[in-house]
Amino acid sequence: MGHVGGGSSVGLVQSAVKAYNLRDASNWWHDVNDSPLWQDRIFHVLALLYGLVAIVALVQLIRIQLRVPEYGWTTQKVFHFLNFVVNAVRAAVFVFRRQVQKLHPEIVRHILLDMPSLAFFTTYALLVLFWAEIYYQARAVSTDGLRPSFFTINAVVYVIQIAMWLILWWKPIPVLLILSKMFFAGVSLFAAIGFLLYGGRLFLMLQRFPVESKGRRKKLQEVGYVTTICFTCFLVRCIMMCFNAFDNAADLDVLNHPILNFIYYLLVEILPSSLVLFILRKLPPKRGITQYHPIR
């Protein structure tokens with residue numbers, strides 16, 4: 001009986017220790033979230049990371065321009081330029097995150113926090129366009145309708161979002177704010193499907209090329225990695241925006257959720273951008289660049 005009593009006592013002690021540790025971990029999370037010092041530290045780390053990605057994109061853009069100055073704004077150049085703009089704006093917003101939170105009217109804050117997300121969508125939609133053009137050209141199918149479709153889709157997305165911002169500015173309606181977040185979740189899902197559709201098609205097409213084809217294996221890996229990274233990134237963004245719309249605990253537009261902000265922006269923008277820029281670091285050849293189409 002003594003042994004039984006001793007065993008149950010040990011079990012109770014262990015349960016109490018576990019409960020204490022869980023409470024301690026929860027307290028740590030809340031302590032960091034509620035500390036203005038930690039809020040500023042985390043936002044400044046995000047600003048630094050975005051700044052580094054912006055510098056990498058700008059350096060790569062300059063390298064491409066020096067390599068092929070005779071070509072205008074190619075898809076590759078525009079992609080790197082937009083990457084630079086998105087990350088530079090994000091860095092500036094996070095440097096002044098506390099001041100941004102105090103801006104009035106409130107809609108200005110939403111625009112500063114959400115406009116880079118729209119630009120991020122455009123940047124990576126450009127990559128889907130590039131792959132779609134390669135895919136259809138390889139199959140001898142006309143690509144004339146792709147660019148107008150790209151510009152039309154982007155125009156529709158921006159017009160709808162700007163219209164919602166203007167209505168929110170005129171009359172702040174909580175339901176419209178939820179609709180705005182859900183709209184962006186839908187846009188992110190659309191981008192994820194685009195990557196899966198054209199990245200997947202291009203990957204399967206490259207697989208059918210002869211094994212001895214020059215650069216086949218490297219291009220296959222490049223398309224496979226970028227498709228996986230971008231599909232995952234936009235899918236995570238879609239799921240997170242759904243939580244953000246309906247759960248105050250998942251709100252990203254407040255100062256007292258710095259850890260959530262750090263995890264979210266690291267997973268859906270900083271890490272994907274860094275990996276994609278690294279994978280696509282190869283410079284175009286000096287002559288015979290048929291795969292880098294100028295933006296008209």
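By cavity I mean, on a 1 Å grid over the protein atoms alone, a set of points where a 1.4 Å probe fits but cannot get out. Grid points are joined across faces, edges and corners, and a volume is the space filled by probe spheres set on the points. With that rule, the count is 1 cavity of 30 Å³ or more.

Before going on, a caution: this is a predicted model, where local features need pLDDT of at least 70 and side-chain atom pairs count only at pLDDT 80 or more, while totals for chains, interfaces and linings use all residues. Residues are numbered from 1 along each chain as its sequence is written, and side-chain values use heavy atoms, with hydrogens and water left out.

Now, what lines the largest cavity? There are 17 lining residues, and the closest to the centre are D114, K181, M241, N244 and D253. A lining residue has an atom within 4 Å of a point. Helices here are DSSP runs (H or I, at least four residues), numbered from the N terminus. By class, the lining has 7 nonpolar, 5 polar and 5 charged residues. The classes: Ala, Val, Leu, Ile, Met, Phe, Trp, Tyr, Cys and Pro are nonpolar, Asp, Glu, Lys and Arg are charged, and the others, Gly among them, are polar.

Next, the second largest pocket, at about 320 Å³. A pocket is an open set with protein on both sides within 12 Å along at least five of seven lines. Of its 18 lining residues, A125, V128, I153, F190 and Y198 are the closest to the centre. The elements giving two or more residues are α5, α6 and α7. The largest share, 7 residues, comes from α7. This lining has 15 nonpolar, 3 polar and no charged residues.

On to packing. Helix α5 (residues 106-138) and helix α6 (residues 146-170) pack at about 170 degrees, axes 10 Å apart. Axes are lines fitted to C-alpha atoms, for helices over the stretch in contact, and angles run from 0 to 180 degrees between N-to-C directions. The two helices are therefore roughly antiparallel; angles under 35 degrees count as roughly parallel, over 145 as roughly antiparallel, 65 to 115 as roughly perpendicular and the rest as oblique. Their contact has 19 nonpolar, 4 polar and 3 charged residues.

Last, charges. How many salt bridges does the structure hold? It holds 7, each a side-chain nitrogen of Lys or Arg within 4 Å of a carboxyl oxygen of Asp or Glu.

Take E133 and R147, with closest N and O atoms 2.6 Å apart. E133 is in α5 and R147 in α6, 14 residues apart. E133 is buried at 4% relative accessibility, and R147 is buried at 13%. Buried means under 20% relative accessible area, exposed over 50%, partly exposed in between (1.4 Å probe, protein chains only).

E269 pairs with R90 at 2.8 Å. This one links helix α9 (residues 258-279) to helix α3 (residues 75-95), 179 residues apart. E269 is buried at 1%, and R90 is buried at 1%.

Then D251 and K181, at 3.8 Å. D251 lies in the loop between α8 (216-246) and α9, and K181 in helix α7 (residues 174-207), so the pair ties together parts 70 residues apart in sequence. Both D251 and K181 are buried. Finally, salt bridges with shared partners join R90, R237 and E269 into one network.
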